[in-house]
Amino acid sequence: MIALPAGGKGRARWSFVDNERRLWPAMLAPAILYIALLVGVPFVLSLFYSVSNATVGSRSIQFVGLENFRRIVESGTFWLSLKNTVLITVVSQFLVIVCANILALALTGEFRGKWLVRFLILLPWVAPISLGSIGWLWIFDSIYSVINWTARAVGLLGPHEWPIWLGEPTLAKTSIIIVNVWRIVPLATVIILAGLSSIPQDIHDAAQVDGAGFWRHYFEITGPLIMPITLVALLFGIIFTFTDMIVVFVLTRGGPYDTTQVIASWAYFTGIQGGDLAGGAAISLFLFPVLAIVAVVFLLFAKRAEVT
Amino acid sequence: MATVEARRLVKLFDDVRAVDGIDLLARQGEFLVLLGPSGCGKTTLMRMIAGLEHPTSGDILIDGKVVTELPPRARNIAMVFQSYALYPHLTVARNIAFPLRAVGMPKPDIRKKVEWAAQMFGIERLLDRKPRQLSGGERQRVALARAVVREPVVFLLDEPLSNLDAKLRNSARDELKQFQRKLGTTTIYVTHDQAEAMGLGDRIAVLSEGRVRQIGTPHDIYLRPADTFVATFIGSPPMNLVAEGKTWLGFRPEAFLPREVEPAADGIVFPFRVTRVEYLGAERLVYGVIDGRTPETHVISKIPTNIRTEIAADGVYDFVVRRQDIERFDRDSGRRIDGGSA
Amino acid sequence: MTPATARARRLATRAGYGAIRVFFVVLLAFPFYWMLITAFKTNKDLYNTANNPYLFNAPPTLEHIIVLFRDTLFLQWLANTAFVGVLVVAITLVLAVPAGYALARMTGPWAQTLGVAIFLTYLVPPTILFIPFSRIVAQLGVQDTLWSLVLVYPSFTVPFCTWLLMGFFKTIPRDLEDAAMIDGLSRLGAFLKVVMPISLAGILTAVIFTFTLVTQEFVYGVTFITSSSSYTVSVGVPTFLVRGDVYFWGSMMAACLIASVPIALIYNLFVDRFVAGFTVGAVK
């Protein structure tokens, strides 16, 4: 005979710590609550501020409709920052995907020093963004730039040529792109590497026996099979670059004369340094569409992974 | 149709001798089976023939030409993998067409050949499907079609039936042999299933620990095994080995029968203490020990059901083996001693 | 194709891959090498445009590091970062471990979707939320203190760690808990007494990742905190080590190195697990 837990206390315990339908929500609730509060509330507030006249010092806040958005849309700097953000994101992520694919190919298989190579390659991604950017600030320095010194030493620069990497708008944008490529390539590479590892060796063997040369093998077999994972890497890169303010902040502060502002940095300068919370909030909301699109694509992925 | 030859082939993985000096010749049009337990080196050997592994030393020759340094695509071979290795993102038609596109065949010709290969295996209606929509048997046919389409001179098959369920396996085996007969292409087939090997092979090469123990027809391998490994690996249940001085006496379970059944005076009689009897429908398997021996010598007898002699557990019966059914093996080396039968 | 051509091609491919590796390693690691050299060069050597910057034209010096630790608040910033890190790790574990486990064991099709949805909140950038946060933080009275960071950082560490731990707990076979429950433990008990003790690797991964996120964070740090003594390393080095227009490059580069390399070393040990989290089910 099996002794069943009798009595009030036994029964209450059974109903909670064994009842999965109560237990799981209880274990989930704190995390979800925290996230909802600390992400949901500020987000809603951001929407609210964007249609208000809030400033850093204001005691009372009034509703002003779409006034802030009108001001933004009429401001030249805003459109410049939007253009910059798109340009920097598109160019840098294109380069990231190309480089990461090439590098990932070179990292499959065994070779000497694999651990060290991986460590060195990951450094740009793991190091705090601000600190890595400071390193580049020094590398791009107007007087002591090692790039310029090396280029001159190798003969690429004439006696009167000395690029001011962070002082001239086009060069500055290039510098920002370089730093963004530099810090995202490691992440994209390891993600794509994971994708490459998931292709069964048999498939590669079959392609070899079937006679595929290097290019056909890559573009018709490997490439299509890692397309989903490459897309994931691209989406991450887009989010991290489109919404970033740190690189611009450290390298150029948005200069020279606001020519390298991106949406996120412009929102910072407007809202925090300039005190115009409402304006800053309105500007930062323009980051949302890209975020939403990426989120939808990820969710579709998750659905598909469930179905197969 | 070509010969395939391995000469003094050695493959080392770090310190492990996966293939330890193999000489092998597959004749034109032959169905040669590489048989052995897992880890014996048969898959490594096949991969070297295919060009997917580079030998540490030794050579591979196809049709008399040395191909050791050449990549797979320069060897005019085709391979069917245990997992079939169909390209998951391509339709069946494109899977089959892939090797032809790789050599630059013009499109109309490709289409014709794909249809021809598909017809050979009855998969024409599957051409627009993707691999994940196919059953195991269908996938196997696609893999075969892809192998055939280029009309290579050698087929390499790596356990292509092991992923099919048992019922399908027998019919697939039959079809496979028939299609190889029809095409006449030299085929090398890897398996660990000795029944499959016996059923399919024109000749069987039994491998263990990176070396070939014996090559021969199923008949030779079964009745005249070259050593104790082959003797006990082939046959289910395996050959009985009884120690006698410096030799093993080896005899097959079906040659070990009750005395009443085998009255031939020219045989050895063993007192057989039975421990267990299994009734398998077509036959009975009788497990037991030779009475009065230390250490315990386990033997098995296989009695067809039409012999209805009463055998019960714990009984001791006289069982007989004819001298001509006995093979002798040296106890130290395991090799067969010739002249062992009368 | 002749054997000679085949051999040549094989060697060329191998050499090609090696060259690619070298190329990228140099490109990606060069700034850190540059930080290293700069940190140990004397100012005279550093600021002399006639010198070859790749060499030590004067013997290396420890003065920048000494200045960094003695004359700046760097040590304080390190302590601040550690303080925030430890607390945020604790909060994150308390929230994410149960949540990740629940998501891993829940039956039903939407468990996976919920997991992804939680993960996606990690992608909501600080640059959308920092403006309203600045006011919230002020109204809560934690403006310009480390507590503001302790409060806000879990908003991105918890989502990612929940997702990470969900994936991790899924790899633990249910059989273990089933056996424990047959032996008399409750579901919760099985989790606490059987699963947790063998989950060290997953928990450690979450800890390392959280700590990395904390040290990397800049936007909230620069927004909420204005007193130099309350900076974290990520914020203090770029904003404070610049006096007017004069950059103390030697000390700054030393600071960057010290704040990056140790974490990178530890991160490298767990990279495969992080990647598993990032691949979001696109790779099984």
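This is a predicted model: local features need pLDDT of at least 70, side-chain atom pairs count only at pLDDT 80 or more; totals for chains, interfaces and linings use all residues.
Chain B comprises 342 residues, of which 42% count as buried. Its secondary structure consists of eight helices and 19 strands. The C-alpha trace of chain B spans about 75 × 45 × 35 Å along its principal axes. Two domains are assigned within this chain: domain 1 covers residues 4-223 and domain 2 covers residues 239-337. Taken over C-alpha atoms, the centres of domain 1 and domain 2 of chain B are separated by 39 Å. As for contacts within chain B, among those between residues at least 6 apart in sequence, 63% join residues at least 24 apart.

Chain B also meets chain A: 17 residues of chain B are in contact with 14 residues of chain A. Sorted by class, the residues that chain B presents to chain A comprise 14 nonpolar, two polar and one charged.

Chain C is likewise assigned two domains, with domain 1 at residues 3-61 and domain 2 at residues 65-278. A distance of 33 Å, taken over C-alpha atoms, lies between the centres of domain 1 and domain 2 of chain C. The two domains touch through eight residues of domain 1 of chain C and seven residues of domain 2 of chain C. On the domain 1 side of chain C, the elements that give two or more residues to this boundary are helix 1 and helix 2 (43-46). Helix 1 of chain C accounts for the largest share of that side, namely five residues. By class, the side of domain 1 of chain C that touches domain 2 of chain C holds five nonpolar, two polar and one charged residues.

The interface between chain C and chain A remains to be described. Here 80 residues of chain C are in contact with 83 residues of chain A. Helix 1 (residues 3-40) of chain C gives the most to the chain C side, contributing twelve residues. The side of chain C that touches chain A contains 57 nonpolar, 20 polar and three charged residues. Helix 1 of chain C therefore takes part in two sets of contacts, since it gives residues to the side of chain C that touches chain A and also to the side of domain 1 of chain C that touches domain 2 of chain C.

Key: Residues are numbered from 1 along each chain as its sequence is written. Chains are lettered from A and ligands numbered from 1 in the order in which they are written. Helices (H or I, at least four residues) and strands (E, at least two) are DSSP runs, numbered from the N terminus. Ala, Val, Leu, Ile, Met, Phe, Trp, Tyr, Cys and Pro count as nonpolar, Asp, Glu, Lys and Arg as charged, and the others, Gly among them, as polar. Domain bounds come from an automatic or database domain assignment. A residue is buried if 20 or more other C-beta atoms lie within 10 Å of its own, exposed if 12 or fewer, and partly exposed in between; C-beta atoms are placed from the backbone.
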